[in-house]
Amino acid sequence: MDHPVDLDLATLHPAVDDPALNSMNFLNEVAGHWPDAVSLAAGRPYEEFFDDDAPGRWLDRFRRHLADDLGQQPEQVRRTLFQYGRTKGIIHHLIARNLAVDEDVHVDDEAVVVTVGCQEAMLLVLRALRAGPSDVLLAVAPTYVGLTGAARLVDLPVRPVAGGPTGIDLADLRIQLRRARGEGLRPRACYVMPDFANPSGTSMPVVDRRRLLDLAAEEDLLLIEDNPYGLFPAGDADRRPTLKALDTRRRVVYLGSFAKTVLPGARIGYLVADQRVAGADGAVGLFADQLAKIKSMVTVNTSPLAQAVIGGALLEHGCSLVAANRRERAAYTRNRDHLLAGLRQRFPAGSPVRWNAPAGGFFVVVTVPFPVDDALLRRSAERYGVLWTPMAHFYDDGRPVDALRLSVSAVTPEQIDLGLDRLAALITDELARLPAAPSGDR
Ligand SMILES: Cc1ncc(COP(=O)(O)O)c(C=O)c1O
């Protein structure tokens with residue numbers, strides 16, 4: 001007779017049953033189960049601007065670049081696009097130019113590795129840094145769940161650093177570093193998102209960026225800077241320099257993504273790792289080359305066709321994505337303003353409901369006087385028809401969290417109105433269920 005099961009979950013890598021890896025599945029499952037619910041959950045780019053003709057045009061543009069600018073013969077062009085290819089990618093030079101034009105970041109093309117989304121870039125960096133059981137990663141909390149999940153896959157513990165309203169509490173970073181070292185652990189890096197962080201929405205002031213870089217140099221710490229939302233400040237505010245642009249001591253490994261700025265379906269991201277690595281024989285190479293060795297065993301190389309689409313988009317816009325995203329930036333600003341006005345209207349002064357007003361990006365965090373968990377999200381989807389993300393998904397300690405993340409990126413103002421009406425109904429009902437405060441507290 002057949003054994004009822006073939007594999008025991010407990011015998012698989014512990015990551016597969018970890019809350020961090022279950023998070024995206026759970027959120028997708030809820031969204032799939034209630035497809036008619038208004039989604040203020042998804043951190044996806046606005047779909048109305050997707051252009052059916054663009055990928056073909058971009059592919060063609062890149063093909064011409066290979067022939068006309070790089071002098072490739074037709075059979076070479078075909079090989080570049082259709083064959084297995086260079087591990088570090090075929091649009092590294094365009095990405096380096098994009099960083100120079102848009103971010104004033106100047107790096108050698110060879111320091112760039114093109115990856116299958118930014119997600120692969122995280123995995124490669126964390127895999128390389130996790131050399132032994134005493135290695136740990138510091139990460140600003142709340143933390144993007146994709147980072148926590150990638151760390152789990154490589155058995156790298158993540159220790160939280162307080163984020164606070166300005167993106168990182170530098171005093172806490174120092175405390176956490178000392179504490180970890182005091183326990184005999186080796187903090188390998190600190191993961192930060194200085195611009196419009198996911199999920200907190202916070203941004204670091206420039207002065208804090210400089211202090212963070214100084215601290216990293218003093219403490220011999222690497223910084224992993226993740227920047228998918230930097231092109232989307234609200235209104236006409238200036239963009240702040242990235243950590244990498246201020247990094248004169250090669251302390252920063254920079255992670256980029258074209259998912260929000262060009263096309264998520266292409267699944268193209270990249271990393272910049274210009275750190276010099278010394279081998280046992282005294283030879284010095286780039287960290288990017290060590291990461292490429294890992295990549296060669298994870299995805300071999302990033303799809304050249306997908307790279308060509310992104311490469312063509314970069315070429316079409318003179319390697320600048322700032323102007324190319326003007327419409328998107330305006331839409332996200334409009335939606336952010338609409339959401340904040342809608343929250344003010346539905347939760348006037350005196351309401352116990354609070355929220356932040358991020359200077360850009362996709363996300364706003366709403367704080368309420370009761371725990372916000374997965375059961376509440378299910379109830380919200382089923383009875384109220386609105387989806388959002390429990391902030392508990394972005395903390396790694398399982399403690400109750402009284403906040404939720406709203407995303408403004410993939411909705412219209414009308415959907416925001418409907419979603420907020422439904423969210424307000426849910427919150428009103430939850431507030432009514434709270435035990436009355438003792439009269440002395442009023
Ligand atoms: C902070 C952050 N980093 C990385 C990613 C993943 O980017 P990609 O789609 O390029 O893998 C996301 C996606 O939402 C994100 O929010």
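**Exercise 1. Find how far a polar side-chain atom of asparagine 198 lies from an oxygen atom of the ligand.**

Step 1: The distance from the polar side-chain atom of asparagine 198 to the ligand oxygen is 2.8 Å. A polar contact here is a pair of N or O atoms within 3.5 Å; within protein, one must be able to donate a hydrogen and the other to accept it, and residues adjacent in sequence count only if both atoms are side-chain atoms.

Step 2: Before going further, note that this is a predicted model, in which local features need pLDDT of at least 70 and side-chain atom pairs count only at pLDDT 80 or more, while totals for chains, interfaces and linings use all residues. Residues are numbered from 1 along each chain as its sequence is written, and side-chain values use heavy atoms, with hydrogens and water left out.

Step 3: Arginine 267 also places a polar side-chain atom 2.8 Å from a ligand oxygen. With cysteine 118, a polar backbone atom is 2.7 Å from an oxygen of the ligand.

Step 4: On its own the ligand has 390 Å² of accessible area, and the protein covers 92% of that (Shrake-Rupley method, 1.4 Å probe; for residues, only the protein chains shown count as cover).

**Exercise 2. Work out how helix α5 and helix α10 pack.**

Step 1: Locate α5 at residues 117-129 and α10 at residues 287-295. Helices (H or I, at least four residues) and strands (E, at least two) are DSSP runs, numbered from the N terminus.

Step 2: Their axes are 9 Å apart, at an angle of about 105 degrees. Axes are lines fitted to C-alpha atoms, for helices over the stretch in contact, and angles run from 0 to 180 degrees between N-to-C directions.

Step 3: The angle therefore makes α5 roughly perpendicular to α10 (under 35 degrees is roughly parallel, over 145 roughly antiparallel, 65 to 115 roughly perpendicular, the rest oblique).

Step 4: Residues in the contact (heavy atoms within 4.5 Å) include Leu124 and Arg127 of α5, and Phe287 and Lys295 of α10.
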